[in-house]
Amino acid sequence: MTQKLVVIGAGMASGRALEHLFEAGADWDVTLFNAEPRGNYNRIMLSPVLSGEKTYQEIVTHDEAWYQERGVDTRFGTRVTEVDRAAKIVRGSDGSEIAYDKLLFATGSNPFIIPMPGHDLEGVIAYRDLEDTERMMNMPAGSKVVVIGGGLLGLEAAAGMAARGVEVTVVHIMGHLMERQLDEPAGYLLRRALMDKGITVKCKANSKEILGQDGKVRALLLDDGTELPCDLLVMAVGIRPNTKLGADCGLAVGRGIHVDDQMVTSDPDVLAVGECVEHNGAVFGLVAPLYDQAKVVAKTLMGEEAAFQPREISTKLKVTGCDLFSAGDFAEGNGREDIVFRDPARGVYKRVVIKDNKIIGAVMYGDTADGNWFYGMMKDGTDISDMRETLIFGPAYQGGASVDPMAAVAALPADAEICGCNGICKGQIVDAINAGAHDLAGIRATTKASASCGTCTGLVEQVLAVTLGDEFVMPSVQSVCGCTDLSHEDVRRLIKSQELKSQQAVWQELGWKTVNGCHVCRPAINYYLLADWPVEYQDDPQSRFVNERNHANIQKDGTYSVVPRMWGGITTPDELRAIADAAEKYNAKTVKVTGGQRIDLLGIKKEDLPGIWYDLNQAGMVSGHAYSKGLRTVKTCVGTDHCRFGTQDSTGLGIKLEKALWGSWTPHKVKLAVSGCPRNCAEATCKDVGIICVDSGYEVSVAGAAGMDVKETEFLAKVPTEAEALELTCAFIQIYRENAKYLDRAYKWVAKVGLDWVKEQVVDDLANRKALAERFELSQSIYRKDPWADLAAPQQAERFAPVADFTLEAAE
Amino acid sequence: MSWTDIAALEDIPVRGARIVKTHAGCIAVFRTDDDEVFATSDRCPHKGGPLSEGIVHGKSVTCPLHNWVFSLETGEAQGADEGQIATYPARVENGRVLMDLSEINKVAA
């Protein structure tokens with residue numbers, strides 16, 4: 001006897017389920033309700049429709065005719081308003097009442113709209129159906145759209161609109177795009193590719209409010225105060241199973257409508273399929289499991305045995321030119337191993353995660369041809385121990401291939417600047433080589449590349465090697481560490497010329513051999529990035545040595561020393577009292593006067609650091625940075641204030657210098673001194689920068705040392721005014737910051753580049769001196785602040801205490 | 001195994017560590033780039049340096065005092081140095097860090 005089946009929702013899952021039913025010749029009288037005024041189309045192909053690569057007609061899977069041929073009573077545009085399970089009747093918004101023997105819920109999901117202020121403004125849409133797509137397609141070229149959500153859907157929407165000439169900004173709350181499918185390196189490459197398409201991508205960005213005008217969206221406000229103007233705002237932050245109708249009629253509902261392995265709900269005559277269901281605690285958003293469910297639901301309806309089993313799924317992004325593949329699990333868990341392959345020249349990144357000799361996850365970017373090969377082995381649980389060595393190269397390369405350390409330089413375009421001093425690009429060097437300059441001296445003579453400060457020497461040699469092949473013998477250079485073959489100088493230059501602004505960019509573009517560096521290279525790279533891109537790059541505490549991370553000096557017993565700043569060595573009775581109080585309150589084991597004219601409290605426990613900082617802050621004192629590769633102190637004598645020999649206000653200049661320079665990060669520590677007369681009581685002539693005041697002005701000398709090496713400073717210049725002494729000092733510190741190798745003190749760096757070169761830059765070239773001082777000031781606008789004040793705040797202070805303490809529990 | 005809830009994963013900085021105090025001494029709980037967690041003794045066998053303050057790279061940590069590098073998975077010193085730190089079972093579940101403290105409690109008892 002023909003049974004009556006009512007289906008609620010004409011989406012991809014129910015469409016596939018009906019196909020299976022009719023193919024098997026099942027005898028059902030089907031009524032199909034759909035709130036959308038159309039039949040089933042391939043929703044995952046909306047993105048190609050948006051970008052113009054396909055038309056809507058091409059993605060329709062079941063049109064009116066298809067249903068008619070199969071005798072389906074279609075009620076498109078009709079919403080089901082009520083299900084009466086006792087009477088086994090469904091009521092529609094058109095007033096119809098349809099009786100059923102079996103009912104199939106395929107109500108799908110609703111886009112999640114963040115309930116932030118302004119979400120109900122005109123012009124705020126989700127990305128879910130054809131209406132949304134058409135809305136985006138109608139945005140004229142040149143209009144502005146903000147997309148909230150850097151997941152699969154959000155990025156496809158962004159790319160589709162960008163292809164139509166719309167100015168798109170993607171706002172993503174997490175640290176990298178598609179964080180559920182991609183790891184950070186792949187996320188970085190994706191971001192770069194999207195930015196190449198003209199899309200602005202903002203990660204770690206928190207949306208605060210949607211701003212409107214006359215009831216229409218005008219801009220998105222982020223919680224850092226940034227306003228992003230837009231004519232349309234698309235929220236693509238996720239979906240929620242549409243369970244309302246199911247819950248209303250009393251079915252068991254959690255996040256989705258509960259189903260068992262046979263896709264039967266808590267009512268044996270009601271089944272559910274697709275994005276509206278919850279199976280074993282999981283809900284579904286990708287198409288592969290939905291099709292599996294459709295198969296099961298059809299079999300259950302036909303009285304055959306079948307069970308739905310979730311399986312590993314893989315993801316591909318449907319954005320032209322962004323080739324990425326992700327499958328399985330590549331985060332969390334012990335006993336996992338990574339095999340990583342990077343090819344900067346081709347923009348390729350591949351990572352396979354292995355556990356117990358089996359592939360459990362794979363991420364690839366740029367070259368996804370082998371994705372299904374890895375995915376197949378992952379699904380089958382293939383033991384890969386025999387092909388481990390060559391696994392990452394894919395099925396075609398089981399013979400093995402080697403990574404070329406020269407790939408980074410080979411990949412540089414001809415207009416990439418190699419020599420910053422003389423503005424020489426790779427192309428000019430290659431031309432010179434082709435014209436007969438076959439060694440470094442020849443290149444220097446013909447192009448001047450590497451003939452000035454010399455920091456690009458390694459790169460020039462690599463260009464020679466890449467261009468000449470075996471003809472050129474590379475002199476051995478010392479690489480930063482085992483993670484790379486590049487030297488510090490090479491890395492610095494490439495960070496500038498390729499505009500690498502994140503650690504991920506460095507690891508990828510320069511072909512790092514490790515996932516995220518090591519204790520040798522990470523602090524160096526962190527420094528180079530923040531020195532070259534003070535505004536764009538954010539300092540990473542986890543790439544800092546303990547003292548700089550905890551803003552105190554660790555001692556051999558694990559306690560810390562705390563040194564508050566005393567500007568120019570000047571203090572007050574109030575400050576001294578506060579220091580004495582703090583020393584007692586926090587049980588300082590030793591109180592010592594330092595060589596830098598301030599007071600060191602030793603033996604402070606880590607968990608007490610936020611407390612002592614807070615107390616010292618209250619007395620007006622800030623960190624003395626006695627722990628940093630940065631400005632330490634400016635030592636002074638009392639100058640004209642008190643001394644009968646003083647020629648200038650050396651104390652005043654010292655304080656001004658310290659206030660200008662404090663908080664700055666430098667390649668190694670920086671110490672200054674200002675003496676009020678040539679008697680040099682402040683011992684200025686063994687500092688990184690020493691100033692001797694004379695009647696007619698200020699003698700500035702640099703590159704002294706009084707540590708492992710003892711060295712007198714070298715005379716840089718004499719300037720007539722205090723303002724010039726300040727500017728010259730800042731310019732010198734900045735040129736040192738921009739060029740020196742990490743952990744080279746100023747005297748070591750000056751010995752490498754030569755004092756004459758430094759003089760050319762900061763003494764003779766006044767415009768350059770000013771530009772350097774301005775760049776220093778820009779960086780200081782960010783770093784000239786007290787780290788203690790930030791870390792003493794309650795939410796930061798927590799991290800100085802143990803995360804859990806089981807010694808407080810009674811011993812059992 | 002009996003798993004004890006230690007903290008939220010977010011409480012531990014990425015590529016960083018936090019301390020758990022126990023009767024058997026301080027345990028360092030590390031979080032890698034990939035949000036894996038590892039628990040080891042906090043004490044470097046060389047000169048007692050606090051490993052939780054070291055730089056975390058890949059699945060290794062470098063002691064802040066004298067740059068000994070340890071595998072977080074095996075506890076073995078890497079490179080030329082010879083030494084071993086204790087490792088303890090730890091995992092992440094629903095955003096919480098769980099540790100098996102049974103070995104530690106045995107030591108303390």
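Two residues are in contact here if their C-beta atoms, placed from the backbone, lie within 7 Å. Keep that in mind as we walk through this predicted model, in which local features need pLDDT of at least 70, side-chain atom pairs count only at pLDDT 80 or more, and totals for chains, interfaces and linings use all residues. Residues are numbered from 1 along each chain as its sequence is written, while chains are lettered from A and ligands numbered from 1 in the order in which they are written.

Let's start inside chain A. A nonpolar core is a set of buried Ala, Val, Leu, Ile, Met, Phe, Trp, Tyr and Cys residues joined through C-beta atoms within 7 Å. A residue is called buried if 20 or more other C-beta atoms lie within 10 Å of its own, exposed if 12 or fewer, and partly exposed in between, again with C-beta atoms placed from the backbone. The largest core has 89 residues, and A:Ala157 is among the members that touch the most others, along with residues including A:Val147, A:Val234 and A:Ala236. Leaving aside neighbours within four places in sequence, A:Ala157 is in contact with A:Leu50, A:Tyr127, A:Met136, A:Val147, A:Val234 and A:Ala236. A second, separate core of 45 residues includes A:Phe33, A:Tyr67, A:Val273 and A:Ala294.

A:Cys643 is found in the loop between helix H21 (639-642) and helix H22 (650-661) of chain A; helices (H or I, at least four residues) and strands (E, at least two) are DSSP runs, numbered from the N terminus. A:Cys643 counts as partly exposed because it has 16 C-beta neighbours inside 10 Å. Beyond four places in sequence, its contacts are A:Cys637, A:Val638 and A:Gly676. A:Cys677 sits in the loop between strand E35 (670-675) and strand E36 (689-694) of chain A. With 20 other C-beta atoms within 10 Å, A:Cys677 is therefore buried.

Now turn to chain B. Its mean pLDDT (the predictor's confidence in each residue, from 0 to 100) is 90, and 97% of its residues reach 70 or more. Confidence in chain B is lowest in helix H1 (residues 102-108), at a mean of 74, and highest in strand E4 (residues 37-41), at 96. In E4(B), five of its five residues are buried. Strand E3 (residues 25-31) of chain B runs antiparallel to E4(B), joined by five bridges; strands pair if DSSP finds at least two bridges between them. B:Phe30 stands opposite B:Phe38 in this pairing. The two strands form a hairpin with five residues between them, where B:Asp35 in the turn has a positive phi of about 65°. E4(B) also pairs with strand E8 (residues 87-88) of chain B in the antiparallel sense over two bridges, with B:Thr40 opposite B:Thr87.

Finally, the chains meet. The contact takes 26 residues from chain A and 31 residues from chain B. Strand E41 (residues 804-805) of chain A runs parallel to strand E2 (residues 16-22) of chain B, joined by two bridges, and A:Ala804 stands opposite B:Val20. The predictor gives the complex an ipTM of 0.90 and a pTM of 0.65.
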